[in-house]
Amino acid sequence: MTTPTAKPDLTVIDLDRPPTMAQFGGTIAESAPNFARLVFPFDQRWCNPRGSVQGGVLAVYVDEAVGYAMMATFPDLKTVWTTTSLTLNYLRPITGGDITAIGRVIRVGARTGYVEGEILDADGALCVKAVSGLLILKRPDAT
């Protein structure tokens, strides 16, 4: 028999070290409404056999960046969102150095949002360009 897990308290968020950021060693370099810039250290554990960062890991970095841009846009936690689509274009591999993930909120409507993301290598070269759709929700207990 399994023990039921407690529902997370969505009114309290550790913006500095949520689980994904802790797992991948990410830090918030800049955060402002509609914008976030995160930095992740290069780690060979996240590489494919060719020695470049695996594409799925880069998708996590982009998703985190646009999420932080949304958090900076809606800091009161009355608005929540979930990713409905995420499209990445991989332009060049990353094989070392710090990785920068940038998220920008382009448009937020009553029910949907459109965000864009980028991944830059340590030299500032564009390695990934991404677009994402979001479903915008109001917390049921928000006043």
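**Surface and burial.** I started with the accessible surface of the protein chain, which comes to about 8,300 Å², with 55% of that belonging to carbon and sulfur atoms. This is a predicted model, so I read every value as computed from it. Of the 143 residues, 36% count as buried.

**Fold.** Next I listed the secondary structure and found two helices and six strands. Along the sequence they follow the pattern α-β-β-α-β-β-β-β. I also looked at contact range: of the contacts with a separation of 6 or more, 63% are between residues 24 or more positions apart.

**Core.** Which residues have the most contacts inside the largest nonpolar core? I noted Phe40, Leu58, Tyr61, Ile99 and Ile119, in a core of 29 residues. At least two core residues each come from helix 1 (19-24), strand 2, helix 2, strand 4 (99-108), strand 5 (112-120) and strand 6 (126-138). Helix 2 gives the largest share, ten residues. A reminder to myself: in soluble globular proteins, nonpolar side chains tend to be buried together.

**Aromatic rings.** I then searched the whole structure for aromatic pairs and got four. One of them, Phe40 with Tyr61, is stacked, at 3.8 Å centre to centre and 5 degrees between the planes. Phe40 sits in strand 2 (residues 35-40) and Tyr61 in helix 2 (residues 55-73), so this pair ties together parts that are 21 residues apart in sequence. Both Phe40 and Tyr61 are buried. Phe74 and Trp81 make a tilted pair, with 6.5 Å between centres and 40 degrees between planes.

**Around Ser132.** My last stop was Ser132, in strand 6. Is Ser132 buried or exposed? Its relative accessibility is 4%, so Ser132 counts as buried. What does its side chain reach? I found the backbone oxygen of Ser85 at 2.8 Å. Ser85 is also among the contacts of Ser132 beyond four places in sequence, together with Thr83, Leu86, Gly113, Tyr114 and Val115.

Conventions:
Residues numbered from 1 in each chain as written. Predicted model: local features only at pLDDT ≥ 70, side-chain atom pairs only at ≥ 80, totals over all residues. Heavy atoms only, no water. Phe/Tyr/Trp six-rings, centres within 6.5 Å; stacked < 30°, edge-to-face > 60°. Helix = DSSP H or I, 4+ residues; strand = E, 2+ residues; numbered from the N terminus. Buried < 20%, exposed > 50% of the residue type's maximum accessible area, 1.4 Å probe, protein only. Core = buried A, V, L, I, M, F, W, Y, C linked by side-chain atoms within 4.5 Å. Polar contact = N/O pair within 3.5 Å; in protein donor to acceptor, adjacent residues only side chain to side chain. Contact = heavy atoms within 4.5 Å. Areas by Shrake-Rupley, 256 points an atom, 1.4 Å probe, with all protein chains shown as cover.
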